[in-house]
Amino acid sequence: MDACLFCKIISGEIPSHKVYEDEKVFAFLDINPVNKGHVLVVPKNHSTDLVECSDEDLCSCMSAAKKIGSKQLEALGAKGFNTLINTRPASGQIIYHTHIHVIPRFEGDGFKHWHGKSYSNDEERVILEKLRF
Ligand code: 5GP
Ligand code: ZN
């Protein structure tokens with residue numbers, strides 16, 4: 001994909017701070033980190049988002065994310081980490097090359113989780129009927 005920012009980062013056309021690379025995966029520091037050491041893990045094969053990404057590439061990326069998160073615990077003194085994938089505009093995806101955020105977490109770092117909603121009446125059953133495989 002000629003115009004894809006992350007493809008250009010993988011090829012080296014655009015500079016990045018690489019933290020990890022293997023045959024299938026490239027990982028580098030996010031330019032605007034939630035916390036310092038926030039890493040983006042991307043498959044070398046271009047796919048626009050999680051739905052389009054092959055299972056093989058996804059597994060390779062998740063395996064790398066586990067290594068990187070573990071490294072954040074050891075090397076940065078992080079107390080935890082989040083792995084997060086935004087898929088499509090409504091989720092907040094802005095770069096259309098599949099990527100996993102690996103965000104190191106520290107006590108009181110201010111990164112907030114979502115607020116849960118409640119189901120009313122029969123809603124839960126209706127949703128379940130739609131979602132169930
Ligand atoms: P998304 O919202 O698509 O899941 O996240 C895209 C991420 O890419 C954002 O966290 C943003 O900071 C990061 N990003 C955007 N442009 C660049 C860039 O040129 N270099 C790097 N290293 N990260 C970028
Ligand atoms: Zn790409």
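Trainee: Where does Q93 lie?
Mentor: Q93 is in the loop between β4 (80-84) and β5 (100-105). Helices (H or I, at least four residues) and strands (E, at least two) are DSSP runs here, numbered from the N terminus. Before we go on, the ground rules: this is a predicted model, where local features need pLDDT of at least 70 and side-chain atom pairs count only at pLDDT 80 or more, while totals for chains, interfaces and linings use all residues. Residues are numbered from 1 along each chain as its sequence is written, chains are lettered from A and ligands numbered from 1 in the order in which they are written, and side-chain values use heavy atoms, leaving out hydrogens and water.

Trainee: OK. Is Q93 buried or exposed?
Mentor: Q93 counts as buried because its relative accessibility is 4%. Buried means under 20% relative accessible area, exposed over 50%, and partly exposed in between (1.4 Å probe, protein chains only).

Trainee: What is Q93 in contact with, leaving aside neighbours within four places in sequence?
Mentor: T48, D49, N86, T87 and R88. Contact means heavy atoms within 4.5 Å.

Trainee: And what does the side chain of Q93 reach at 2.6 Å?
Mentor: The backbone nitrogen of R88. A polar atom of the Q93 side chain also lies 2.9 Å from the backbone oxygen of I95. Both fall under polar contacts: N or O atoms within 3.5 Å; within protein, one must be able to donate a hydrogen and the other to accept it, and residues adjacent in sequence count only if both atoms are side-chain atoms.

Trainee: What about N121, what is its phi near?
Mentor: Near 45°, again positive in a residue other than glycine. N121 is found in the loop between β5 and α3 (123-131). With 84% relative accessibility, N121 counts as exposed.

Trainee: Switching topic. How many aromatic pairs does a search of the whole structure find?
Mentor: Two. One is F6 with F28, edge-to-face, at 5.3 Å centre to centre with 80° between the planes. Rings of Phe, Tyr and Trp (its six-membered ring) pair if their centres lie within 6.5 Å; planes under 30 degrees apart count as stacked, over 60 as edge-to-face and the rest as tilted.

Trainee: Where do F6 and F28 sit?
Mentor: F6 is in helix α1 (residues 5-11) and F28 in strand β2 (residues 25-29), so this pair links distant parts of the chain, 22 residues apart. Both F6 and F28 are buried. The rings of F26 and F28 have centres 6.0 Å apart and planes at 45°, so that pair is tilted. F26 is buried too, and F6, F26 and F28 form one aromatic cluster.

Trainee: Zooming out, what pattern does the protein follow along the sequence?
Mentor: The order is α-β-β-β-α-β-β-α, which comes to three helices and five strands. The C-alpha atoms fill a box of roughly 55 × 40 × 25 Å along the principal axes.

Trainee: And what share of the residues is buried?
Mentor: Buried residues make up 33% of the 133 in the protein.
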